[in-house]
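Student: I'd like to learn how to read a few features of a fold. Could we go through them together, one at a time?

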Amino acid sequence: MSSHTTVPLHLVFFIALTLALIPLSIAQDSPQDYVAAHNAARSQVGVGPIAWDEGVAGYARDYANKHASDCTRLVHSGGPYGENLAWAYPDLTGTGAVNMWVGEKPDYDYNSNSCAPGKVCGHYTQVVWRNSVRLGCAKAQCATGGTLVTCNYDPPGNFVGQKHY
């Protein structure tokens with residue numbers, strides 16, 4: 001008598017799909033993914049690439065970890081770098097945060113060097129700030145729920161009266 005265990009096809013499919021998605025979600029939080037998302041936006045407006053900097057990333061990690069106890073209040077660090085912050089519930093990838101900031105692009109008017117009335121575009125303009133050449137980002141799971149993503153830029157951008165690119 002032979003003994004086999006048959007596994008329902010839908011269970012095999014579910015397991016395969018779950019395993020296939022794990023590397024994708026992890027990949028969206030790597031330094032290369034943050035850099036690629038930034039450089040895609042920068043290349044669209046003719047700005048040179050930005051590069052990962054471990055010193056800037058250490059600053060971002062320290063700040064993200066410090067605020068992981070309560071991420072619902074996004075307060076800028078006031079440190080030496082330019083900074084973009086994002087929070088989402090239940091989760092936010094690093095690439096998702098960068099895409100959210102770049103999503104402000106339609107609200108930026110290059111000719112007037114300003115945001116559309118009542119709109120926010122400063123996250124986008126920091127992403128494409130031509131003089132920012134070093135990047136460091138971090139992600140923290142928040143004790144109050146959700147995910148905090150922070151990216152820091154060296155040198156900082158968004159100086160009043162200066163064109164972003």
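Student: Let's take salt bridges. What do the side chains of lysine 139 and aspartate 29 form?

Tutor: The general idea first: side chains of opposite charge can pair when their charged atoms come close. In this predicted model, lysine 139 and aspartate 29 meet through their side chains in a salt bridge, at 3.0 Å from N to O. Lysine 139 sits in strand S5, while aspartate 29 belongs to the loop between helix H1 (9-27) and H2, so this pair ties together parts that are 110 residues apart in sequence.

Student: Are these two residues buried, partly exposed or exposed?

Tutor: Lysine 139 has a relative accessible area of 25%, so it is partly exposed. Aspartate 29 is also at 25% and counts as partly exposed.

Student: Which aspartate 91 partner is there, and how far apart are the closest N and O atoms?

Tutor: That partner is lysine 139, with 3.4 Å between the closest N and O atoms of this salt bridge. Aspartate 91 is in the loop between S2 and H4 and lysine 139 in strand S5, so the pair ties together parts 48 residues apart in sequence. Through shared partners, salt bridges join Asp29, Asp91 and Lys139 into one network.

Student: How many salt bridges does the count come to?

Tutor: The count comes to four. One of them pairs the side chains of arginine 61 and glutamate 54, at 2.4 Å from N to O. Arginine 61 is partly exposed at 35% relative accessibility, and glutamate 54 is partly exposed at 45%.

Student: What span should helix H2 have?

Tutor: Helix H2 (residues 31-44) has 14 residues, and at 1.5 Å a residue they should span 20 Å; the end C-alpha atoms are 20 Å apart, which agrees. After H2 comes glycine 46, with a positive phi near 80°.

Student: Last, the surface. Which residues form a nonpolar patch?

Tutor: Leu74, Trp87 and Tyr89 do, and together they have about 330 Å² of accessible area. Tryptophan 87 is placed in strand S2 (residues 82-88) and is partly exposed, at 31% relative accessible area.

Definitions and conventions
Residues numbered from 1 in each chain as written. Predicted model: local features only at pLDDT ≥ 70, side-chain atom pairs only at ≥ 80, totals over all residues. Heavy atoms only, no water. Patch = residues over 30% accessible without salt bridge, like charges linked within 9 Å, V, L, I, M, F, W, Y side chains within 5 Å. Areas by Shrake-Rupley, 256 points an atom, 1.4 Å probe, with all protein chains shown as cover. Helix = DSSP H or I, 4+ residues; strand = E, 2+ residues; numbered from the N terminus. Buried < 20%, exposed > 50% of the residue type's maximum accessible area, 1.4 Å probe, protein only. Expected span 1.5 Å × (residues − 1).
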